[in-house]
Amino acid sequence: MNWDAVWDTAALILILIGALLCLVAAIGLLRFRDVPTRLHAATKPQVLGLVLIALSVGISVRSWPAVGMLVAIVLMQFATAPLSAHIVGRQAYRNRTLDRDSLLVDELADARSSDNDD
């Protein structure tokens, strides 16, 4: 077995695992009921799935310019996924569309009550 076959097999395994993680994220978005669990499904497995797919593409292409572009894509995803999840979660809290009984700690309620005391 030569090294090209080993790299191609590794790329195949990584792309399958990444695609499964993205599928699990999509199913989680459809099945979960409240905003925090949907945000978890939209960010965690989806980002890891994208990283694995980008890694497999980098392994299969074996080109430095392509790897550079893939690194930029992954870095953009790392920068935007938590930020967008934070914005959506904060807006859901402000709109009162969260199930407040499911929250273990509500730090925003503590901050909001201290603002009202002044």
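Helices here are DSSP runs of H or I with at least four residues, numbered from the N terminus, and cover is judged by contact, meaning heavy atoms within 4.5 Å. Keep in mind that this is a predicted model, where local features need pLDDT of at least 70, side-chain atom pairs count only at pLDDT 80 or more, and totals for chains, interfaces and linings use all residues. Residues are numbered from 1 along each chain as its sequence is written, and side-chain values use heavy atoms, with hydrogens and water left out.

So who is tucked away in helix 2? The buried residues there are L39, A41, T43, P45, V47, G49, L52, A54, S56, G58 and I59. Buried means under 20% relative accessible area, exposed means over 50%, and partly exposed is in between (1.4 Å probe, protein chains only). Helix 2 itself runs over residues 35-61, 27 residues in total, and reaches 38 Å from its first C-alpha to its last, close to the 39 Å expected at 1.5 Å a residue. That expected span is 1.5 Å times one less than the number of residues. Along the way there's a kink of about 25 degrees, centred on Q46; the bend is the angle between axes fitted to the seven residues ending at a residue and the seven starting there.

Take a look at T43, which sits in helix 2. T43 counts as buried because its relative accessibility is 16%. Leaving aside residues up to four places away in sequence, T43 touches A81 and A85. The C-alpha atoms of T43 and S84 are separated by 9.2 Å, though the two are 41 residues apart along the chain.

Both A81 and A85 turn up among the buried residues of helix 3, along with L70, V74, Q77, G89, A92 and Y93. Helix 3 has 31 residues and reaches 45 Å from its first C-alpha to its last, close to the 45 Å expected at 1.5 Å a residue.

Now for the helix ends. R62 lies in the loop between helix 2 and helix 3, and its phi is positive, about 55 degrees, although R62 is not a glycine. R62 counts as partly exposed because its relative accessibility is 42%. Just after helix 3, R96 takes a positive phi too, of about 60 degrees.

Last stop, helix 1 (residues 3-31), where you'll find W7. W7 is partly exposed, since its relative accessible area is 40%.

Key: Helix = DSSP H or I, 4+ residues; strand = E, 2+ residues; numbered from the N terminus.
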